[in-house]
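Subject: Structure for you to look at

Hello,

Here is the structure I promised to send. Please open it alongside this note; what I found follows below.

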Amino acid sequence: MRGVRCPSGARCFSAASARAQQKILDAARRKDTDGILAVVATDLQSFETPTGLTALHRIAAVSGSRCPSLPAFQQLLNFLDQADSRTWRPADVANCCWSLSALRVKDHPLTSKVLTMCSKPAEFDPRETAETLAGVVRLGADSELVEQLAGHLLAVGLEGTNPVMRTNAVWAV
């Protein structure tokens, strides 16, 4: 299956998932968390992993530290927890880690899954490493994982990161 290009730039395999992702991005542009969650509630059955990750990331970006308590949000977390982690790119892991930490989602199986995926920093570029490092600290990860990510960041440098990422990385260590 060739797939279609999702609005976020990720590769989707169904037009329905790409359409759902476009609805999510439209709601995010309006800063409408409830609109994003409405798409999750109505279209989750058509989601592929990139669309679910986009929904989580946009909810975190739009709502700040307010973790939605609606059933649709829990369904989204459960969907991503069940997603095949072998299909996740390092950027997906970094974005999900950041999103979970921004929303303060510490006690969900998805958080444990993402923290486990963060333990392969050799695959991460500097931006992904900096973002992940700050996220794992906010999620309360063990010091061994923090040290592993910090060591990788020192090895790869900070090229490609912005001032906020660099500040967060320094704060994390």
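Buried means under 20% relative accessible area, exposed means over 50%, and partly exposed is in between (1.4 Å probe, protein chains only). This is a predicted model: local features need pLDDT of at least 70, side-chain atom pairs count only at pLDDT 80 or more, and totals for chains, interfaces and linings use all residues. Residues are numbered from 1 along each chain as its sequence is written, and side-chain values use heavy atoms, with hydrogens and water left out.

Start with helix 8, residues 143-156. (Helices are DSSP runs of H or I, at least four residues, numbered from the N terminus.) Its buried residues are Leu145, Val146, Leu149, Ala150, His152 and Leu153. They cover an arc of only 160° around the axis (taken from the directions from the axis to the C-beta atoms), which puts them on the same side of helix 8. On the other side, Ser143, Glu144, Glu147, Leu154 and Ala155 are exposed. The buried residues pack against helix 6 (109-117), helix 7 (126-138) and helix 9 (163-172); contact means heavy atoms within 4.5 Å. Glycine 157 follows helix 8, with a positive phi near 80°.

Now the core. A nonpolar core is a set of buried Ala, Val, Leu, Ile, Met, Phe, Trp, Tyr and Cys residues joined through side-chain atoms within 4.5 Å. The largest one has 48 residues. Phe47, Leu56 and Trp88 are among those with the most contacts inside it. Phenylalanine 47 is buried, at 7% relative accessible area. Leaving aside neighbours within four places in sequence, leucine 56 touches residues including Phe73, Leu100 and Leu110.

Best wishes

How values were computed
Helix = DSSP H or I, 4+ residues; strand = E, 2+ residues; numbered from the N terminus. Expected span 1.5 Å × (residues − 1).
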